[in-house]
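Here's a quick briefing to read alongside the model. Keep the viewer open and follow along.

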Amino acid sequence: MFGRVLIANRGEIAQRIIRACRELGVETVAVYSEADADALYLRQADETICIGPAAGGASYLNIPAIISAAEVGDVEAIHPGYGFLAENAHFAEVCNECRIHFIGPDPKTIAAVGNKANARALAIEADVPVVPGSDGPVADEDQASRVARETGYPVIIKASSGGGGRGMRVAHNEPSLINGFHAARSEALAAFGDDTVYIEHFVENPRHIEVQILGDRDGHVIHLGERDCSVQRRHQKLIEEAPSHAINAEQRLELGAAAVRMARAAGYHNAGTVEFLLDPGGAFYFIEVNARIQVEHTVTELVTGVDLIQQQLLLASGESLGFAQEDVVTRGHAIECRINAEDPTKNFQPSPGLVETFVAPGGPGVRVDSHCYGGYRIPPNYDSMIGKLLVHRNTRPEAIRTMLRALGEFVIEGPATTIPIHRNVLAHTDFVRATHDTGFMERYFSQPGSLGVGS
Ligand code: MV4
């Protein structure tokens, strides 16, 4: 195992990684921007190094500054967390060239799955179901309309380098296809410097289901079951849960096996996620691979009892997986609510500033992963997530009740938060019956100024 690790991130995930390192006896070097000098994770690390001004590009995305900190801090490895440099193949390569272990998949794998058209080709090769669509990138209008006619409308045009919903257009007919094709291309070029796009049939009212995988360097790849992340708003997840109540035992086995085939095809080492869409008829289709630890990894930790950050450290240091697929058993039901400093009555506008009071809930079945404390000032420079509230109970209805109890206990004074919206979502009949899909938030919780229509 490594003696010393640098954490190239901030906030709750920096704290989460420090906790895993401490339990493994690994020393930590935390980096921070000038805006994060008062952050809690800095008090929990063994050493801290300022890497630059508040702007992400000048600090947490600044590769020379982070590599310099790694040299000064004398670390053997860097954990990138999520966001920032986590899926940057170039950064992973630079780490390797500097003889620093990158805690994540190999640069080649990051690049191979980071290109979505390429990931789709890998999936087809590995006999993983994909949505009907183009064989690879679509070069021009004529090819686009041919593919769309064969695939059947509606179709979705996606940027190969895309992610998080950027560079995507839905088309219901040929004129909107031609428009959407050019719009997606120019948006992709501006956002990613790559105008390559591909086309898929547009699955209406899907659920978002993803599978956690782990892979070592001895050829072992296992999955740790699925998460249902269908409660999203504008491609931002709000609530995640494990297991999904939208699939049965047979579908669960198929989904897990498909995720493992995909990870193998990508030469995947370390922790990753294979994302699928589940259509209303119960068919699932691969959409993308996330080559990082995700925010919602925690629900999988609760139901499997596996510490995923510790696994990332063990796998990156060259150890083989210490358990096999048949050793993975899930118990009960876990739910995570993302607590964001946003005002749900003002179109989820960010609400940074002073946290006057912060009293986290506790008691049976409750976990809070947060870097917040009373007196903390939330900087306006980064994403607005200020914590994750999780519950783990024997059944989904009990988990919902515990979550409502915990949300009621949570006291955050100062910024507006997403707590009120969570209480309404958890009380909504579609959520309670687990019949909701990815359109749920848009359908019921998009009225400006309101916290949602009644259930
Ligand atoms: C789709 C889709 C429907 N059909 N692909 C959105 C972000 C990116 N990860 C893929 N996304 C989608 N791809 C096909 N062929 C619908 C979405 C989508 C979505 C997916 C998961 C969760 C929320 C979503 C919200 C809108 C659109």
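Predicted model: local features only at pLDDT ≥ 70, side-chain atom pairs only at ≥ 80, totals over all residues.

Residues are numbered from 1 along each chain as its sequence is written, and side-chain values use heavy atoms, with hydrogens and water left out.

**Domains**

- The protein chain splits into domain 1 (4-103), domain 2 (132-201) and domain 3 (207-444), with bounds taken from an automatic or database domain assignment.
- Between the C-alpha centres of domain 2 and domain 3 there are 29 Å.
- The ligand lies between domain 2 and domain 3, because both give residues to the shell around it.

**Ligand site**

- The ligand is surrounded by 17 residues, counted as near if one of their heavy atoms lies within 4 Å of it.
- Lys 158, Glu 200, His 201, Val 203 and Glu 288 are the closest.
- Look for the polar contacts (pairs of N or O atoms within 3.5 Å): a polar side-chain atom of Lys 158 sits 2.9 Å from a ligand nitrogen atom, and a polar side-chain atom of Glu 200 is also 2.9 Å from a nitrogen atom of the ligand.
- On its own the ligand would expose 510 Å², and the protein buries 88% of that (Shrake-Rupley areas with a 1.4 Å probe).
- Strand 6 (155-163), strand 8 (197-201), strand 12 (270-278) and strand 13 (284-290) each give two or more residues to the shell around the ligand; strands are DSSP E runs of at least two residues, and helices are H or I runs of at least four, numbered from the N terminus.
- By class, the shell has seven nonpolar, six polar and four charged residues, where Asp, Glu, Lys and Arg count as charged, Ala, Val, Leu, Ile, Met, Phe, Trp, Tyr, Cys and Pro as nonpolar, and the others, Gly among them, as polar.

**Second largest pocket**

- The lining of the second largest pocket has 15 residues, with His 223, Gly 225, Arg 252, Gln 325 and Thr 330 nearest its centre.
- A pocket here is an open set of points on a 1 Å grid over the protein atoms alone, where a 1.4 Å probe fits, with protein on both sides within 12 Å along at least five of seven lines; lining residues have an atom within 4 Å of a point.
- Strand 10 (221-233) and helix 9 (249-265) each put at least two residues into this lining.

- The Tyr 153 to Pro 154 peptide bond is cis, with omega near -5 degrees, and Pro 154 lies in the loop between helix 7 (141-151) and strand 6.
- Ala 242 and Pro 243 are joined by a cis peptide bond, omega about -5 degrees.
- Asn 270, in strand 12, has a positive phi of about 80 degrees although it isn't a glycine.

Key:
Polar contact = N/O pair within 3.5 Å; in protein donor to acceptor, adjacent residues only side chain to side chain.
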